[in-house]
Amino acid sequence: MIDVERGICLSAVNLGEWENVPLVDELSKRFPGIVLENDAAAGLLANHWFQDFDRVPADFLYVALGQGIGCAQMSGGRLVRGQHFCAGEIGHLPAGSEGRLCSCGKTDCLQTWCGERGLLKSIADAAPRYTSISLAEVGERVTGDAILHSALKSALQPLAEKVATMVALTDPAALIVACREPSLAEIVPAMLSATLEEFGLPVAVISGLSPEEASLKGGAVAVFRKAFKAENLRL
Ligand SMILES: [Zn+2]
């Protein structure tokens with residue numbers, strides 16, 4: 001979570017004890033033109049700028065699945081940040097009742113269920129034969145393995161429910177889903193799409209750029225946006 005106006009990292013629980021770190025001030029002592037951006041917001045900006053014009057509308061949600069869960073929203077071509085720069089922070093919402101410990105200190109946050117490690121735990125709990133399977137193996141085998149397919153879809157259910165709430169509240173034209181694990185890049189959006197349809201929310205679900213690529217490219221977009229001081233500028 002960051003304060004983009006003051007250039008402060010408010011917190012980053014997945015990185016350790018990062019609280020109220022004045023990143024822009026510190027880095028600006030050595031490098032000119034520092035811009036601070038949230039990684040999910042940067043991912044959204046990259047998908048907006050670099051994906052096909054026809055496929056990425058001005059109103060969409062972005063969800064990135066990696067160690068944690070990143071989420072951001074664009075509405076009318078503008079990035080939604082919220083009053084406390086917390087808009088889209090769904091990764092630490094309660095999502096279960098098993099007592100899974102989260103890096104933020106709470107238990108059963110969404111990322112403990114649908115972050116990469118959380119998914120593997122849920123899959124192993126559902127089907128013990130997959131206790132030591134890797135996420136890459138899940139992606140490679142899931143299409144031809146009905147049990148694994150069912151276990152992955154069930155494991156994604158807490159994320160699907162949170163995303164469904166966001167879709168119902170914001171009525172986006174599309175949901176862009178990015179997975180750090182390449183072999184899951186198509187199957188996870190397909191599963192989320194199927195679950196959203198079951199909920200009566202037939203929103204277009206698009207596979208996005210990988211989160212790392214999107215965050216890097218989005219960082220460049222953030223620099224352009226600041227340089228031109230245009231919130232919804234798209235070149
Ligand atoms: Zn948490």
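Me: Which elements have the lowest and the highest mean pLDDT?
Reply: This is a predicted model. Among the elements of the protein, strand S1, residues 2-3, has the lowest mean pLDDT, 86. Helix H3, residues 110-114, has the highest, 98.

Me: And the protein as a whole?
Reply: The average pLDDT is 91. Of the residues, 96% score at least 70.

Me: Let's do strands. In what order do the three strands of the open sheet come?
Reply: The order is S1-S2-S3, and the pairing is antiparallel. S1 and S3 are the edge strands, with S3 covering 19-21. Each of those two pairs on one side only.

Me: How many bridges join S2 to S3?
Reply: Two bridges. S2 covers residues 8-11 and runs antiparallel to S3.

Me: Which residue in S3 is the bridge partner of Ser11?
Reply: Glu19.

Me: Is Asn20 buried or exposed?
Reply: Asn20 counts as exposed, because it has 10 C-beta neighbours inside 10 Å. The cut-off for exposed is 12 or fewer.

Me: Where else is there a positive phi in a residue other than glycine?
Reply: Asp108 has one, near 65°. Asp108 sits in the loop between strand S6 (78-80) and H3. Asp108 counts as buried, because 20 C-beta neighbours fall inside 10 Å.

Me: On to strand S4. How many of its residues are buried?
Reply: Six of the six, and S4 spans residues 60-65. So S4 is largely enclosed by the rest of the structure.

Me: Which residues are on which side of S4?
Reply: Phe60, Tyr62 and Ala64 are on one side. Leu61, Val63 and Leu65 are on the other. Both faces are covered.

Me: What does S4 pair with?
Reply: Strand S5, residues 69-75, pairs with S4 in the antiparallel sense over six bridges. Leu65 has Ile69 of S5 as its bridge partner. The two strands form a hairpin, with three residues between them.

Me: Is the pairing of S4 and S7 parallel or antiparallel?
Reply: Parallel, over six bridges. S7 covers residues 174-179. In S7, Leu175 is the bridge partner of Leu61.

Me: Now helices. At what angle do H2 and H9 pack?
Reply: About 80°, with the axes 6 Å apart. That makes H2 roughly perpendicular to H9. The residues in contact include Ala42, Leu45, Ala46 and Trp49 of H2, and Ala214, Gly218, Val221 and Ala222 of H9.

Me: What about H4 and H6? How do their axes cross?
Reply: The axes come within 9 Å and cross at roughly 130°. H4 is residues 116-126 and H6 is residues 146-155. The two helices are therefore oblique to each other. H4 passes H6 in a right-handed crossing.

Me: Which residues meet there?
Reply: Leu119, Ser122, Ile123 and Ala126 come from H4. On the H6 side are Ala151, Leu152, Ser154 and Ala155.

Me: Which residues of H4 are buried?
Reply: Glu116, Gly118, Leu119, Leu120, Ser122 and Ile123. They pack against H3, H6 and helix H5 (135-141).

Me: What about Lys153?
Reply: Lys153 is in helix H6. Lys153 is partly exposed, because 19 other C-beta atoms lie within 10 Å. Lys153 and Thr143 are ten residues apart in sequence and 12 Å apart in space, C-alpha to C-alpha.

Me: Last one. Where does Val142 lie?
Reply: In the loop between H5 and H6. Val142 counts as buried, because it has 22 C-beta neighbours inside 10 Å.

Me: Which residues is Val142 in contact with, leaving aside neighbours within four places in sequence?
Reply: Leu148, His149, Leu152 and Ile187. Leu156 is 14 residues from Val142 in sequence and 13 Å away in space, C-alpha to C-alpha.

Notes:
Residues are numbered from 1 along each chain as its sequence is written. This is a predicted model: local features need pLDDT of at least 70, side-chain atom pairs count only at pLDDT 80 or more; totals for chains, interfaces and linings use all residues. pLDDT is the predictor's confidence in each residue, from 0 to 100. Helices (H or I, at least four residues) and strands (E, at least two) are DSSP runs, numbered from the N terminus. Two strands pair if DSSP finds at least two bridges between them. Axes are lines fitted to C-alpha atoms, for helices over the stretch in contact, and angles run from 0 to 180 degrees between N-to-C directions. Angles under 35 degrees count as roughly parallel, over 145 as roughly antiparallel, 65 to 115 as roughly perpendicular and the rest as oblique. A crossing is left-handed if the near helix is turned anticlockwise from the far one by less than a right angle, and right-handed if clockwise. Two residues are in contact if their C-beta atoms, placed from the backbone, lie within 7 Å.
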